[in-house]
Amino acid sequence: MDDLERVLAAHPFLAGLAPEHVGFLVGCTKNLRFRTGEYLMREGEREDTLYLIRQGMVVIEVPRPGSEPSCIETLGAGDVLGVSCLTPRAAHLDCRARETVIALAIDNVCLHRKMDADPRLGYAISMRLLERTYDRLARARLQHLDVYR
Amino acid sequence: MTTSHNPYAPVAMTIAHAVRELPDVFTWTFRPPGGFVFRPGQFNMLYLHGVGEVPISISGDPSDPERLIHTIRSVGTVTRAMEPLGVGDVVGVRGPYGAAWPVDEARGKDVLVLAGGLGLAPLRPAILQVLAHRADYGRVTILYGARTPADLLFRDELERWRGRFDVRLEAIVDRAGRDWFGPVGVVTRLLDGLPVEPDDAVWLCGPEIMMRFAVRELEKRGVPRDAIWISMERSMKCGVGLCGHCQLAGSFVCKDGPVYRFDRIAPYLQVREL
């Protein structure tokens, strides 16, 4: 447990989080390893996990019937996958390990319970998720502009 | 050395070598008699008789004055008319014009080069000059973004740079299929996890929107505006700061630029009419 607490505290997403809050999250977290080609999330499946990526590259793909999926972004160490975990819904993209991926998997139901029980933790996690969401939105807008054309 | 004492008179040069880089990008090499001296970041005006003249950055090696190299995207009337030309054809050249990348001033510092799309071409002379005097610089990092893997410019050279132990080269594309094994996303994603220091020499070239976005990301990481240099693109015509076509507030991009220290140009980038 100590080790899990240490790696949770070391992930950039949780930088600055109070030690007691990191401790709360340990009970919701597993350290998972995905082999090359394994999916962390698939389109249509319920997003029930927030992944804090520690190592490896995750490909976010749009599946296209009858043709090769189109990759729209890759995520790596320090990134977060599943930012919509505050309002869980069905995933609209596939997320596949391009190489061995090690990630901290935080169970959404457990996370919500902890955030409800301690609003300070809830606020801290929500703000971090919002920041990541805004960053991703800004990147998506820039990609949408297709500036190199 | 310039092509002529009269800044408006082009010198006829023969294309000695022509390479198709991408479906819409080609590179010409000239062998000017007597050589052609320029500084990294400068440009020439290329003239196609009966069609017109366009400003094109020099993409060759400043330490090799025997070869003058231009990498051109076929995008407007003049460059589309240039596209079918090949070895033996003649075009007019006048220059070099404009301010250069501060390559000598960066000696002793870590150098971070951030290029997007065809923006790698004006940066290539600066990269080659740094690599020619590699021991004079600290870490050298080249971050390059393109639209798709098929749009990566100077592929062979990118591979050579990537293979060096004293250069860190990262390439990223906006979108890709499964045959691309590198990262996908905007070029600034490559800054994540990269050691960036406030006193690094940072050189940016690419679409203006990309450069503004990149500056924001660099500022978040503590890089001051006076450490960042960018290459601007405006409608250069005379090349010597007289006609006013490329005027940017109190500055003429052809003469005071195209390479600017960012803090000196930043206020103008936020004026919508400019």
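Trainee: In this predicted model, which residue forms a salt bridge with Arg178(B)?

Mentor: Arg178(B) lies in the loop between strands S9 and S10 of chain B, while its partner lies in strand S4 of chain A, so the pair joins two chains. The closest N and O atoms are 3.0 Å apart. The partner is Glu61(A).

Trainee: Is Glu61(A) buried or exposed?

Mentor: Buried means under 20% relative accessible area. Glu61(A) has a relative accessible area of 1%, so Glu61(A) is buried.

Trainee: How far apart are the closest N and O atoms of Asp146(A) and Arg147(B)?

Mentor: This pair also crosses between chains, from the segment after H4 of chain A to the loop between strand S8 and helix H3 of chain B. Asp146(A) counts as buried at 15% relative accessibility, and Arg147(B) as partly exposed at 21%. The two side chains form a salt bridge, and the closest N and O atoms are 2.7 Å apart.

Trainee: How many residues apart in sequence are the parts tied together by Arg120(A) and Glu20(A)?

Mentor: The side chains of Arg120(A) and Glu20(A) meet in a salt bridge of 3.9 Å, N to O. Arg120(A) lies in helix H4 of chain A and Glu20(A) in helix H2 of chain A, so the parts they tie together are apart in sequence by 100 residues.

Key:
Residues are numbered from 1 along each chain as its sequence is written. Chains are lettered from A and ligands numbered from 1 in the order in which they are written. This is a predicted model: local features need pLDDT of at least 70, side-chain atom pairs count only at pLDDT 80 or more; totals for chains, interfaces and linings use all residues. Side-chain values use heavy atoms; hydrogens and water are left out. A salt bridge is a side-chain nitrogen of Lys or Arg within 4 Å of a carboxyl oxygen of Asp or Glu. Helices (H or I, at least four residues) and strands (E, at least two) are DSSP runs, numbered from the N terminus. Buried means under 20% relative accessible area, exposed over 50%, partly exposed in between (1.4 Å probe, protein chains only).
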